[in-house]
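Dear colleague,

Here is the structure I promised to pass on to you. Please look it over first, and then read the notes that follow.

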Amino acid sequence: MNILGIETSCDETAAAVVRDGREVLSNIVYSQIALHRPYGGVVPELASRNHVVKLPEVIVEAMAAAGCGWDDIDAVAVTVGPGLATSLLVGIAAAQSLALRLGRPLVPVNHMEAHLYSAFMRTPYSAPGTLCPLTALIVSGGHSMLIRMTAPGRYRLLGQTIDDAAGEAFDKAANLLGLGYPGGPAIDRAAQNGDPKAIRFPRGILRGTGNHERAGGPFGFSYSGVKTALLYHIRDNSPNGDAARIADIAASFQEAIVDTLVRRTSDAMGSDRVLAVAGGVSLNRRLRARIEAMAKERGLTLLLAGTAHCTDNAAMVAALAGGGFPTAVPVSADAIDAQPDLALV
Ligand code: KG4
Ligand code: ZN
């Protein structure tokens, strides 16, 4: 069963063909980073207009790279949320048109569930259901959450950030440090030459029973404190463009973000023996190393999303739609709409 997946929830225009929920025949991603760079962040109106321009050629390229004709496509899958409303609508309109024209089923996909599924797209493949119960850390530009997956499509919130997502915190920090956009990869790069212990930034681990703690779930966390600490640190000790000092600040900031994620993940695991990690921030080299060390120390089975599937892509969308999850099933083409705030749990 070949599924054509389409993803336009934010600033990547992506299409992919995946067979049977795991064999990636093609995975084409057109990134709009250069378009948004002058503004230091994603401009929604520009993003959606650019999806309109790029999506047709990205789909054609994905079909060609997969060696598929239209008759070879058994279903179309598309991200319906969460994401930017006007960007989601471009992918949805394209997917609806294709499904109707080809007479094929249309599968609406939750973007966060697709990120989660990317952790299962590994070789050797084992069906996600056989790995449950498991704990999953999904860290992206818009979300940072820890969930327990008891079966495909069945999730419970263990913890989440009550303010910035990890990727958002990286993006804002890079901006403050003049490292450019997008910030995650820039901090990751700068931190390579820095000392993670140079500055002790606060770890936003939530404990207690107040409103904040409830919003974050039992293993919640927060990134507003570390962001403010960075702002004050730069105000009081400006690195003045000194690359070595910027590297130390980047490494120390990254350590605070990563340390918080790893500690909360470790706390939340309970008796689970399988840990899945996915989302754009899971590309971060320090996070990957720390998570791998933690998994080794605790004897966990670690499913780290492959580097080609961490940031937004359509392979994870098509794979989830072919993965037999009860949450990703065909609906009538006219029944879908953009759901910018679609939740996973
Ligand atoms: O999953 P994703 O592509 O989009 C969302 O669903 O949000 O994640 C994008 C986020 C951005 O905030 C970006 O800065 C971050 O992932 N990111 C990284 C790295 N590569 C991308 N963060 C830290 N280190 C990286 N190497
Ligand atoms: Zn994403």
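Histidine 111 and histidine 115 sit four residues apart in helix 4 (residues 111-118), and therefore about one helical turn separates them; helices here are DSSP runs of H or I with at least four residues, numbered from the N terminus. Both histidines are buried, meaning under 20% relative accessible area with a 1.4 Å probe and protein chains only.

Please bear in mind that this is a predicted model, in which local features need pLDDT of at least 70 and side-chain atom pairs count only at pLDDT 80 or more, while totals for chains, interfaces and linings use all residues. Residues are numbered from 1 along each chain as its sequence is written, ligands are numbered from 1 in the order in which they are written, and side-chain values use heavy atoms, without hydrogens and water.

Turning to ligand 1, one of its oxygen atoms lies 3.1 Å from a polar side-chain atom of histidine 111, and an oxygen atom of ligand 1 is 2.8 Å from a polar backbone atom of glycine 141. Of the 560 Å² of accessible area that ligand 1 has on its own, the protein covers 88%, as computed by the Shrake-Rupley method with a 1.4 Å probe.

Note on methods. Helices (H or I, at least four residues) and strands (E, at least two) are DSSP runs, numbered from the N terminus. Buried means under 20% relative accessible area, exposed over 50%, partly exposed in between (1.4 Å probe, protein chains only). A polar contact is a pair of N or O atoms within 3.5 Å; within protein, one must be able to donate a hydrogen and the other to accept it, and residues adjacent in sequence count only if both atoms are side-chain atoms.
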